[in-house]
Amino acid sequence: VDHSSGSGGGGSGSGENDELPPGVLPGDVYLSGIPMINQGQTAYCAVASAARVLQNYGIDITMEDMAELAGSSETGGTNIGMWEKALRRVANSHGMELRTVHDVTDTDQPIQRLLYDYNQTARDMGYEELYTWDYANAFVRNYKKLSEDREYPVQREVMLSNDRACDAFEKNVMERINESDPLFWTVRLGDVPEKGVAQGDHSPHMRLIIGYNEERGEVLYSDSWGEGHELKRMDGKDALSITHGMYYLTD
């Protein structure tokens with residue numbers, strides 16, 4: 001993987017960025033050359049992301065191959081557990097393994113703790129609390145429903161008030177990019193304004209984190225949506241606030 005810094009050949013701060021590739025700003029540290037796969041009108045974001053990273057490591061596999069292995073549906077998408085199982089199967093056969101960034105992954109936290117923190121903050125902010133039994137009882141740990149039902153302003157406050165989570169997010173992004181590891185990034189779309197994304201359309205999505213700009217406090221990412229989506233950027237706090245999970249491949 002080509003791990004490069006967008007320094008503009010010393011043009012940082014001068015306003016002369018002619019030597020930088022399109023979309024790159026002074027201070028950007030990013031992984032270039034990651035293959036683009038356009039998922040088109042399918043709900044194949046997860047398997048497209050997997051194929052892009054696998055191809056980046058020289059593994060000959062397509063989005064359609066990954067969809068078949070993970071039991072994906074063009075309209076219904078991919079079950080994250082099936083995605084992990086399929087990706088591990090491919091990665092392990094090539095001497096690699098899939099790892100989870102535990103510090104910022106929702107489902108690594110006890111759901112009762114997530115509900116307690118959310119409801120306490122909701123009370124303080126004047127929002128309705130969530131009824132615990134709907135999400136956590138003796139038989140069900142419904143992280144998916146909890147994710148769908150949470151009000152974004154409350155969830156944002158919960159996450160950004162957690163200094164450990166904020167530090168872990170920044171640290172993990174920088175460490176992985178510095179090690180040339182793109183990150184699989186699961187998010188909820190429609191909370192943070194993004195070009196081409198409908199506000200309030202709270203759909204789960206997987207994209208790739210491919211870089212950062214420490215000075216600007218930004219995360220650089222890529223969607224499997226074809227031309228124009230190779231490299232985009234988002235404020236780091238916004239990025240953390242919509243994060244559900246992060247994964248990466250390592251040898």
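Predicted model: local features only at pLDDT ≥ 70, side-chain atom pairs only at ≥ 80, totals over all residues.
Residues are numbered from 1 along each chain as its sequence is written. Local features need pLDDT of at least 70, and side-chain atom pairs count only at pLDDT 80 or more, while totals for chains, interfaces and linings use all residues; side-chain values use heavy atoms, with hydrogens and water left out.

A cavity is a set of points where a 1.4 Å probe fits but cannot get out. A pocket is an open set with protein on both sides within 12 Å along at least five of seven lines. Lining residues have an atom within 4 Å of a point. Grid points are joined across faces, edges and corners, and a volume is the space filled by probe spheres set on the points.

The largest pocket holds about 1,000 Å³ of space. Its lining comprises 38 residues, of which Thr-78, Thr-186, Val-187, Pro-204 and His-205 are the closest to its centre. Two or more lining residues come from each of helix H1 (45-56), helix H5 (143-149), strand E4 (183-188), strand E5 (204-213) and strand E8. Helices (H or I, at least four residues) and strands (E, at least two) are DSSP runs, numbered from the N terminus. H5 contributes the most to this pocket, with 4 residues. By class, the pocket lining has 13 nonpolar, 19 polar and 6 charged residues. Here Ala, Val, Leu, Ile, Met, Phe, Trp, Tyr, Cys and Pro count as nonpolar, Asp, Glu, Lys and Arg as charged, and the others, Gly among them, as polar.

A search of the whole structure finds 1 cavity of 30 Å³ or more. The largest cavity has a volume of about 90 Å³. It is lined by 13 residues, and Arg-150, Gln-155, Arg-188, Ser-241 and His-244 are the closest to its centre. Helix H6 (152-160) and strand E8 (243-250) each supply at least two lining residues. H6 gives the most, with 3 residues. The cavity lining divides into 3 nonpolar, 5 polar and 5 charged residues.

The expected span of a helix is 1.5 Å times one less than its number of residues. For the 12 residues of H1 this gives 16 Å, and the end C-alpha atoms are 16 Å apart, which agrees. H1 is largely enclosed by the rest of the structure, because 11 of its 12 residues are buried. Buried means under 20% relative accessible area, exposed over 50%, and partly exposed in between (1.4 Å probe, protein chains only). The buried residues of H1 pack against helix H2 (63-70), helix H3 (80-93), E4, E5, strand E6 (218-222) and E8. Gly-58 follows H1 and has a positive phi, near 85°.

Helix H3 includes Met-82 and Glu-84. Glu-84 is buried, at 17% relative accessibility. Beyond its neighbours within four places in sequence, Glu-84 is in contact (heavy atoms within 4.5 Å) with Leu-98 and Tyr-247. Met-82 is partly exposed, with a relative accessible area of 39%. Met-82 and Ala-70 are 12 residues apart in sequence, and their C-alpha atoms are 5.2 Å apart.

Cysteines were also considered. Cys-45, in H1, is buried at 12% relative accessible area. Cys-166 is partly exposed at 23%. The structure holds 0 disulfides (pairs of cysteine sulfur atoms within 2.5 Å).
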